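Hi everyone, thanks for coming along. I'd like to walk you through one structure today, so let me put it up on the screen.

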Amino acid sequence: MPTVELLFSAQPEHVRTARLVAAQVARRAGVDEAALDEVRLAVGEACSRAVGLHRSNGVTEPVRVLLNEEEKKFSIEVVDEVPGNATGSAPDTGDDAAADDEGEMGLAVISGLVDDVEVIEGDSGGTIRMSWPTVTV
């Protein structure tokens, strides 16, 4: 069960809220202060990507962000509801190459920010799972 589950409509203005919530929960979970900017940026990229996918594919379901506090690890999952989109491209349409490039660039930025990242493609949508170590006091 996630520590915090955040659902928001696929509107760009909600990405900032998701970033702020993720940073606060990460801080409370014990993520090193030096890594909090990485958390904010990575969540912002993942949520922006999910919002873009939802909007370009006409998906009305909310974007889900799951924040999990585990033993010695804090993880975040950003879940979109667009099937078959590990690369961020539109499914089976061959649409706009610029949108494809944007999705791939977002994933590249996330990979550069987070050491432990996994992109999962599924029949019901995609998930970007990221994690950071926590420090015990």
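Let's start at T127, which touches E77, V78, V79, E118, V119 and I120, leaving aside residues up to four places away in sequence; contact here means heavy atoms within 4.5 Å. T127 sits in strand 5. The C-alpha atoms of T127 and V79 are 4.5 Å apart, although 48 residues separate the two along the chain. Is T127 buried or exposed? It counts as buried, because its relative accessibility is 14%. The cut-offs are under 20% relative accessible area for buried, over 50% for exposed, and partly exposed in between, with a 1.4 Å probe and protein chains only.

A word on what you are looking at: this is a predicted model, where local features need pLDDT of at least 70, side-chain atom pairs count only at pLDDT 80 or more, and totals for chains, interfaces and linings use all residues. Residues are numbered from 1 along each chain as its sequence is written, and side-chain values use heavy atoms, with hydrogens and water left out.

Now the overall layout. The chain has three helices and five strands, and along the sequence they follow the pattern β-α-α-β-β-α-β-β. Of the 137 residues, 41% are buried. Taking contacts between residues at least 6 apart in sequence, 64% join residues at least 24 apart.

Next, the helix pair. Helix 1 (residues 15-29) and helix 2 (residues 36-56) have axes that come within 8 Å and cross at roughly 145°. Those axes are lines fitted to C-alpha atoms over the stretch in contact, and angles run from 0 to 180 degrees between N-to-C directions. Which residues make the contact? Helix 1 brings V15, A18, R19, A22, A23, A26 and R27, while helix 2 brings L36, V39, R40, V43, G44, C47, S48 and V51. By class, that is ten nonpolar, two polar and three charged residues. In this scheme Ala, Val, Leu, Ile, Met, Phe, Trp, Tyr, Cys and Pro are nonpolar, Asp, Glu, Lys and Arg are charged, and the others, Gly among them, are polar.

Side chains of opposite charge can pair when their charged atoms come close. We call it a salt bridge when a side-chain nitrogen of Lys or Arg is within 4 Å of a carboxyl oxygen of Asp or Glu, and by this rule there are eight. In one of them, R27 meets E33 at 3.0 Å, N to O; R27 is partly exposed, at 34% relative accessibility.

Another joins D80 and R49, with 3.5 Å from N to O. D80 lies in the loop between strand 3 (73-79) and helix 3 (97-113) and R49 in helix 2, so this pair ties together parts that are 31 residues apart in sequence. Both partners are buried: D80 has a relative accessible area of 2%, and R49 comes in at 11%.

A further salt bridge links K73 and E70 at 3.7 Å, N to O. Here K73 is partly exposed at 31%, and E70 is partly exposed at 34%. Salt bridges that share partners also join E77, E118 and R129 into one network.

K73 has another neighbour worth a look. Its backbone nitrogen lies 3.4 Å from a polar atom of the T134 side chain. T134 is in the segment after strand 5 (125-133) and, at 15% relative accessibility, counts as buried. Not counting residues up to four places away in sequence, T134 touches A29, G30, V31, K72, K73 and F74.

K72, on that list, lies in the loop between strand 2 (63-70) and strand 3. Its phi is near 65°, a positive value in a residue other than glycine. K72 counts as exposed, at 62% relative accessibility.

Last stop: S56, in helix 2. S56 is exposed, with 53% relative accessibility. A polar atom of its side chain lies 3.4 Å from the backbone oxygen of L53. That's my tour, so over to you for questions.

Terms used:
Helix = DSSP H or I, 4+ residues; strand = E, 2+ residues; numbered from the N terminus. Polar contact = N/O pair within 3.5 Å; in protein donor to acceptor, adjacent residues only side chain to side chain.
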